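Welcome! Here is a short briefing to read alongside the structure, starting with a pair of helices and moving on to a sheet.

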Amino acid sequence: MIVYVFVESKGIFVLTFLQVLTLKYVPMTAIKESSTININKRANRANCPVSFVISKLGGNWKPLILFQLMTGPKRYSELKRAIPTVTEKMLIQHLKELHEDGLINRHSENVVPPVVTYSLSADGEELGPIMDEMVKWATPRFNNPA
């Protein structure tokens, strides 16, 4: 914006800049659904049970979250304390994905501050014996790494 101002009978141009901030939501990463990699991933999930399970449980944090919930319902802060190396972003993201996949339940109480409790769903509870077998398999190897 340009403003013309008279000061002591002299014209002075005053330049002012008006900055307009617009907030836009930009996703962290855009996933191209039609890419060859995504088409192949979907085909693998549809045709291979192992790929299907890994798509639901894959990553560093999902198995740890499920393992923590095996002992009973927990609030977000309890999960964060139990898995101190997970970042807030990753914990929130994986809790959301596990909920969308039907492996955990999210119970929210409408109070201030909000109370949100996570627990295993019926499908999540079915993973208990599998998680126990993973622990049993890993224990001798974990204690005596090669």
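In this predicted model, Asn44, Arg45 and Asn47 of helix α1 meet Pro49, Ser51, Phe52 and Ser55 of helix α2. By type, the residues of this contact comprise 4 polar, 2 nonpolar and 1 charged.

**How the two helices cross**

- Two packed helices are described by the angle between their axes and the distance between the axes.
- Helix α1 covers residues 36-47 and helix α2 covers residues 49-57; their axes come within 5 Å of each other and cross at roughly 115 degrees.
- Angles of 65 to 115 degrees count as roughly perpendicular, so α1 is roughly perpendicular to α2.
- The crossing of α1 and α2 is left-handed.

**The sheet**

- Next, look for an open sheet of 3 strands, which pair antiparallel in the order β3-β5-β4.
- Its edge strands are β3 (74-75) and β4 (104-109), each of which pairs on one side only.
- Strand β5 (residues 115-120) runs antiparallel to β4, and 6 bridges join the two.
- To find your place in this pairing, look for His107, which stands opposite Thr117 in β5.

**Helices against the strands**

- Helix α3 (residues 62-69) packs on the sheet and touches β3, β4 and β5.
- The direction of α3 makes about 95 degrees with that of β5.
- Helix α5 (residues 88-100) lies across β4 and β5, and runs at about 110 degrees to β4.

Technical notes:
Residues numbered from 1 in each chain as written. Predicted model: local features only at pLDDT ≥ 70, side-chain atom pairs only at ≥ 80, totals over all residues. Heavy atoms only, no water. Axes fitted to C-alpha atoms, helices over the stretch in contact; angles between N-to-C directions. Helix = DSSP H or I, 4+ residues; strand = E, 2+ residues; numbered from the N terminus. Parallel < 35°, antiparallel > 145°, perpendicular 65-115°, else oblique. Left-handed = near helix turned anticlockwise from the far one by under 90°. Contact = heavy atoms within 4.5 Å. Nonpolar A, V, L, I, M, F, W, Y, C, P; charged D, E, K, R; others polar. Pairing = 2+ DSSP bridges.
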